[in-house]
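Hi everyone, thanks for making the time. I'd like to walk you through one structure today, so please have a look at it as it comes up on the screen.

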Amino acid sequence: MTTLASPLVIHHATPLDWTRAQKWAQDEQWDLGKDDARHFFAVDPKGFFLGDFEHQAVAAISVANFDSHYAHLGHYLVDPAWRGKGLGLQLWQAAIKHAGERCIGLDGMPEQVNNYQRSGFVTHYRTLRISGHPQLRPKSETVYFPVDAGMLTQLIEWDSTIVGYSRSQLLSNWFSGAGRWGFWSQDDRGINGMIGIRQSDAGYRIGPLHAANPEVMTGLVAAALSVIPPTGCVTLDVPDYAEEMVQLCQDLGLQVLFHTHRMYRGTPPQSEPGLIKALASLELG
């Protein structure tokens with residue numbers, strides 16, 4: 001590795017600045033959700049960092065603080081022309097301080113796991129990137145409802161009991177707007193499922209998806225596919241422990257493209273993994 005003599009200039013990114021990082025992610029075929037950056041910045045506007053070298057953005061990272069206990073790290077990117085020079089590591093070391101004493105989660109590529117371990121991160125499970133064109137539409141008796149403003153607060157509160165921290169800033173507008181949808185279901189005890197759908201670079205992304213049982217899970221996937229064109233490509237990020245969801249994806253004809261490692265530094269949030277069937281995103285969890 002060649003270390004450059006000139007210093008890396010690290011600064012908070014604005015949404016306009018961040019288009020540079022988005023371009024790198026698109027070049028890496030991350031299949032970004034349309035307008036995701038606006039929702040991400042709503043979580044923590046000071047949590048997005050760029051590293052400039054000789055007045056040119058060369059590296060990016062986000063460390064978004066959700067609350068006083070949890071932060072999520074993502075968007076760790078270096079311009080391909082500047083890799084191998086230690087610039088990404090410099091940015092990492094500066095930006096990670098933004099989390100303070102919070103637990104930090106991330107989804108890391110397998111080839112980077114050893115590097116993350118050196119920073120104190122521990123793997124807890126794998127996340128599977130699953131994608132493809134559904135070959136059938138599942139059938140279910142589950143009754144579902146579109147997410148609307150009157151129900152949104154209750155859904156966000158329910159989500160917090162499942163993931164173990166509040167995502168109110170992320171989810172407040174996650175299910176609404178052009179190319180975005182949300183559905184939820186209930187039983188006699190209250191909410192028992194919700195799902196988000198949004199357009200992406202390659203088609204459509206599904207997530208988050210929480211479901212109390214396989215029937216609810218299947219019904220919500222059916223709801224999602226009802227707003228996706230038959231020719232649309234569908235992509236999900238599924239925890240490997242959600243075996244019934246993995247099987248449903250396989251039954252639909254979707255394929256696992258790759259996996260990441262969900263890692264934490266510090267005590268992880270007290271989640272309900274049995275209900276988590278798909279993540280909102282790899283970038284912010």
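Let me start with a question: leaving aside its neighbours within four places in sequence, which residues is His 75 in contact with? Before I answer, a word on ground rules. This is a predicted model, in which local features need pLDDT of at least 70 and side-chain atom pairs count only at pLDDT 80 or more, while totals for chains, interfaces and linings use all residues. Residues are numbered from 1 along each chain as its sequence is written, and side-chain values use heavy atoms, with hydrogens and water left out.

Back to the histidine. His 75 is in contact with Trp 18, Trp 30, Phe 40, Phe 48, Ala 60, Ile 61, Ser 62, Glu 283 and Leu 284, where contact means heavy atoms within 4.5 Å. You'll find His 75 in strand S4. Helices (H or I, at least four residues) and strands (E, at least two) are DSSP runs here, numbered from the N terminus. His 75 has a relative accessible area of 7%, so it is buried. Buried means under 20% relative accessible area, exposed over 50%, and partly exposed in between, with a 1.4 Å probe and protein chains only. One of those neighbours is also a polar partner: the side chains of His 75 and Ser 62 are joined by a polar contact of 2.8 Å. A polar contact is a pair of N or O atoms within 3.5 Å; within protein, one must be able to donate a hydrogen and the other to accept it, and residues adjacent in sequence count only if both atoms are side-chain atoms.

Now to the helices. In H3, residues 87-95, the buried positions are Leu 87, Gly 88, Leu 91, Trp 92 and Ala 95. They span an arc of only 135° around the axis, which puts them on the same side of H3. That arc is taken from the directions from the helix axis to the C-beta atoms. As a reminder, an α-helix has 3.6 residues a turn, so residues three or four places apart point the same way. What do the buried residues of H3 pack against? Their partners are strands S1 (9-12), S2 (48-53), S3 (56-65), S4 (70-78) and S5 (103-108), plus helix H4 (113-118).

Met 245, Val 246, Leu 248 and Cys 249 are buried in H8. Seen down the axis, the buried residues of H8 fall within an arc of 160°, so they line one face of the helix. Their cover includes strand S6 (122-132), S10, helix H7 (214-226), strand S11 (234-239) and strand S13 (276-278). Take Val 246: not counting residues up to four places away in sequence, Val 246 touches Leu 128, Val 238 and Pro 239. After H8 comes Gly 253, with a positive phi near 95°.

On to the aromatics. A search of the whole structure turns up 16 aromatic pairs. Rings of Phe, Tyr and Trp (its six-membered ring) pair if their centres lie within 6.5 Å; planes under 30 degrees apart count as stacked, over 60 as edge-to-face and the rest as tilted. Trp 181 and Tyr 204 have ring centres 6.3 Å apart and planes at 40°, so this pair is tilted. It links distant parts of the chain, with Trp 181 in strand S8 (residues 180-187) and Tyr 204 in strand S10 (residues 204-211), 23 residues apart. Is each one buried or exposed? Trp 181 counts as partly exposed because its relative accessibility is 25%, and Tyr 204 counts as buried at 11%. Elsewhere, ring pairs join Phe 66, Tyr 70, Tyr 165 and Tyr 264 into a cluster.

For those of you who think about cysteines: how many disulfides are there? The count comes to 0, a disulfide being a pair of cysteine sulfur atoms within 2.5 Å. The sulfur of Cys 233 is 12 Å from the closest cysteine sulfur, in Cys 249, which is too far for a bond.

Last, some backbone details. Gly 207 and Pro 208 are joined by a cis peptide bond, with omega about 0°, and Pro 208 lies in strand S10. His 55 counts as exposed because its relative accessibility is 86%.
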